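Q: I would like to learn how to read a protein model. Could you walk me through some features, one by one?

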Number of protein chains: 2
Amino acid sequence: MKGFTPYYAVIFTTVRAEGDLGYAEMADRMEALARVQPGFLGFETARSEIGISVSYWKSLDDIARWKENAQHLEAQRTGREKWYEHYTLRICRVEREYGFNRDPQE
Amino acid sequence: MKGFTPYYAVIFTTVRAEGDLGYAEMADRMEALARVQPGFLGFETARSEIGISVSYWKSLDDIARWKENAQHLEAQRTGREKWYEHYTLRICRVEREYGFNRDPQE
């Protein structure tokens with residue numbers, strides 16, 4: 001996303017509640033839905049003790065629109081009711097980006 | 001870190017090379033070292049297919065100083081030589097932060 005700087009990142013750090021309770025299916029669905037929103041640039045996710053998911057966007061307006069998406073609002077509500085013990089959401093402006101590739105042909 | 005906004009985040013997204021090759025020991029050592037640097041605010045890490053580590057800092061100067069720390073420079077060099085197939089490092093300004101806790105007494 002280097003050509004896009006400055007762009008925006010949403011860092012979503014979570015501690016899950018016990019049990020799946022539909023979480024995995026929702027997570028896949030929300031990722032697929034985010035990918036087709038205007039201004040979407042990318043998505044990365046990893047989980048061990050905590051989960052960290054980062055979505056990247058062209059503008060703050062794109063993030064605001066995604067936040068208000070009806071299916072996403074429903075997922076946010078269920079997240080607070082069932083899926084998460086704790087979460088922190090941070091809206092960030094990506095100022096600079098550096099990359100490294102072992103195999104430069106890639 | 002809510003009281004600190006705006007503050008700064010370094011999002012480090014990695015794809016590991018095969019084998020440990022001293023990686024786990026170095027990762028623990030670098031986390032401990034980061035925690036005692038000036039301006040350090042927090043650290044979060046998770047790994048599944050990819051790894052995402054985010055460190056939080058009071059200022060861009062604090063990040064620049066940490067980048068130039070001698071032991072950290074050595075870790076960065078070994079990272080490119082042995083530990084990582086690929087990485088992306090993003091320097092971000094955290095504009096807003098929201099939190100949720102299931103148990104408000106926590």
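A: Gladly! Let's start with strands: two strands pair if DSSP finds at least two bridges between them. Keep in mind that this is a predicted model.

Q: In which sense do β1(B) and β4(B) pair, and over how many bridges?

A: Strand β1 (residues 7–16) and strand β4 (residues 84–101) of chain B are antiparallel partners, with ten bridges between them. To find the pairing on screen, look for Thr13(B), which faces Thr88(B) in β4(B). β1(B) also runs antiparallel to strand β3 (residues 51–57) of chain B, joined by seven bridges. There, Thr14(B) is opposite Gly51(B).

Q: Is β1(B) mostly covered or uncovered?

A: Mostly covered: of its ten residues, eight are buried.

Q: How do I describe two packed helices?

A: Give the angle between their axes and the distance between the axes. Here, the axes of α2(B) (residues 60–68) and α3(B) (residues 70–83) come within 5 Å and cross at roughly 70°. The two helices are therefore roughly perpendicular to each other. Among the residues that meet are Trp66(B) from α2(B) and Leu73(B) from α3(B). The contact comprises three nonpolar, two polar and two charged residues.

Q: What about salt bridges?

A: Look for a side-chain nitrogen of Lys or Arg within 4 Å of a carboxyl oxygen of Asp or Glu. Together with Glu44(A), Arg90(B) and Glu97(A) are linked in a salt-bridge network.

Note on methods:
Residues numbered from 1 in each chain as written. Chains lettered and ligands numbered in written order. Predicted model: local features only at pLDDT ≥ 70, side-chain atom pairs only at ≥ 80, totals over all residues. Heavy atoms only, no water. Buried < 20%, exposed > 50% of the residue type's maximum accessible area, 1.4 Å probe, protein only. Helix = DSSP H or I, 4+ residues; strand = E, 2+ residues; numbered from the N terminus. Axes fitted to C-alpha atoms, helices over the stretch in contact; angles between N-to-C directions. Parallel < 35°, antiparallel > 145°, perpendicular 65-115°, else oblique. Contact = heavy atoms within 4.5 Å. Nonpolar A, V, L, I, M, F, W, Y, C, P; charged D, E, K, R; others polar.
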